[in-house]
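Here are some notes to go with the model, put together for reading alongside the fold. Have it open in your viewer as you go through the points.

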Amino acid sequence: MTTAPQTLNTDVAIVGAGPTALFAAFECGMLKLSCVLIDALDSVGGQCAALYPEKPIYDIPAHPAIEGGALIEALEQQIAPFDVPRLLGSRVETLEGQRGAFTLKTARGDVITAKAVIIAAGAGAFGPNRPPLDGLEAYERTGAVQYYVKKRVDFADKRVVVAGGGDSALDWALSLSEVAAQVYLLHRRDRFRGAPETLSRIEQQIAAGKIEKVVPYQLHALHGTDGVLSTVEVTTLEGTSRHIEADALLPFYGLSTDLGPIALWGLDTHRNTVPVTPATLESSTPGIFAIGDVATYPGKLKLILQGFSEGAMAAHAIHAIVHPDTALHFEYSTSKGVPG
């Protein structure tokens with residue numbers, strides 16, 4: 001990871017370093033366009049690496065299941081031949097200029113000049129929705145309260161309270177039930193939002209005694225000493241309370257997201273997304289493109305595989321900006337290979 005401010009000149013500045021951004025870098029490389037990856041996180045991978053590196057993803061073509069971390073590793077290997085520079089750990093604060101001549105500046109002081117820009121910022125600046133509990137920070141510092149699971153082994157033989165009623169809570173309750181001593185699945189009502197197959201597996205683990213469903217309860221207080229958790233206190237709407245002996249609490253109440261500085265770059269935006277032209281992925285500002293979750297257009301699906309396709313389309317549209325006098329003749333990778 002680069003820490004000292006740098007000055008770089010490139011064909012394409014890619015804002016973001018998640019899976020969609022990594023594949024866009026590959027597509028740029030295949031078209032012999034230089035690029036740089038810039039991300040506020042201190043490592044590549046975006047949400048895949050930061051939020052669920054050990055969580056299986058089931059809708060990546062040719063992979064019946066692949067963990068988020070493994071997907072990022074494979075994408076890194078794919079762009080390795082192009083030696084793409086990365087500016088990590090500092091987000092882009094300003095973006096100025098016009099099509100063919102943009103200047104980006106990061107919070108750390110990096111200065112990047114580029115002919116085109118691809119915004120692949122995922123959900124934008126994201127962070128967990130934290131439960132309003134007294135003394136929460138002390139338990140966060142010790143790891144007794146966590147919002148993302150990076151290593152399942154960290155919860156081996158522990159008593160874990162998983163709070164939430166959506167996919168993340170259900171998926172991690174199932175996954176951790178394989179390694180934890182006991183998993184408590186806490187929700188304010190006896191109804192969960194999940195696929196029928198997932199709900200069926202939850203019931204199987206409940207029958208096996210690996211998961212205990214704690215409904216209809218909600219978080220009320222944490223008890224322990226010096227950030228070491230001993231019990232999680234939960235209550236019903238009627239005021240009935242229960243103390244659950246636990247070593248860890250995992251609240252899955254979704255992410256709080258916003259576009260951050262992107263909202264100040266003069267682009268048309270809509271509900272924390274950037275509207276684009278579907279055929280090119282170009283935003284309202286010529287020369288600035290958006291792909292992945294941050295991009296929106298009629299019929300948009302927020303899937304990694306669609307982000308991959310968008311990265312390829314944006315790269316091909318950008319070729320005309322970088323090489324206006326050179327016609328781009330489409331060739332399959334099986335024919336031309338990886339440029340040397």
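1. Some ground rules to start. Contact means heavy atoms within 4.5 Å. Axes are lines fitted to C-alpha atoms, for helices over the stretch in contact, and angles run from 0 to 180 degrees between N-to-C directions. This is a predicted model, where local features need pLDDT of at least 70 and side-chain atom pairs count only at pLDDT 80 or more, while totals for chains, interfaces and linings use all residues. Residues are numbered from 1 along each chain as its sequence is written, and side-chain values use heavy atoms, with hydrogens and water left out.

2. On naming: helices (H or I, at least four residues) and strands (E, at least two) are DSSP runs, numbered from the N terminus. Two strands pair if DSSP finds at least two bridges between them.

3. Now the open sheet. Four strands make it up, in the order E12-E11-E10-E16, with parallel pairing. Its edge strands are E12 (211–214) and E16 (248–251), each of which pairs on one side only. From one strand to the next, the twist averages 20 degrees. Inside the sheet, E10 (residues 159–163) and E11 (residues 182–186) run parallel and share five bridges; Ala163 sits opposite Leu186 in E11.

4. Two helices go with that sheet. H5 (residues 167–176) packs on it and touches E10, E11, E12 and E16. The direction of H5 makes about 165 degrees with that of E11. H6 (residues 196–207) lies across E11 and E12, and runs at about 105 degrees to E12.

5. Have a look at E8 next, as several strands meet it. E1 (residues 7–15) runs parallel to E8 (residues 111–119), and eight bridges join them; Thr10 has Ala114 as its bridge partner in E8. E7 (residues 101–106) pairs with E8 in the antiparallel sense over four bridges, with Leu104 partnered by Ile112. E19 (residues 288–290) is joined to E8 by three bridges and runs parallel; here Ile119 stands opposite Ala290.

6. What does Gly109 do in the hairpin of E7 and E8? The hairpin has four residues between its strands, and Gly109 takes a positive phi near 110 degrees there.

7. On to H1 (residues 19–30), which has twelve residues and reaches 17 Å from its first C-alpha to its last. That is close to the 16 Å expected at 1.5 Å a residue (the expected span is 1.5 Å times one less than the number of residues). Twelve of the twelve residues of H1 are buried, so the helix is largely enclosed by the rest of the structure. Buried here means under 20% relative accessible area, exposed over 50%, and partly exposed in between (1.4 Å probe, protein chains only). Among the buried residues are Glu27, Cys28 and Met30. After H1 comes Lys32, with a positive phi near 60 degrees.

8. Compare that with H3 (residues 68–79), where Gly68, Gly69, Leu71, Ile72, Leu75 and Ile79 are buried. Seen down the axis of H3, those buried residues fall within an arc of 160 degrees, so they line one face of the helix. (The arc is that of the directions from the helix axis to the C-beta atoms.) The face turned away from the buried side carries exposed Glu73 and Gln77.

9. Last, the aromatics. Phe23, Phe26, Phe82 and Phe308 form one cluster, and a search of the whole structure finds three aromatic pairs. Rings of Phe, Tyr and Trp (its six-membered ring) pair if their centres lie within 6.5 Å; planes under 30 degrees apart count as stacked, over 60 as edge-to-face and the rest as tilted.
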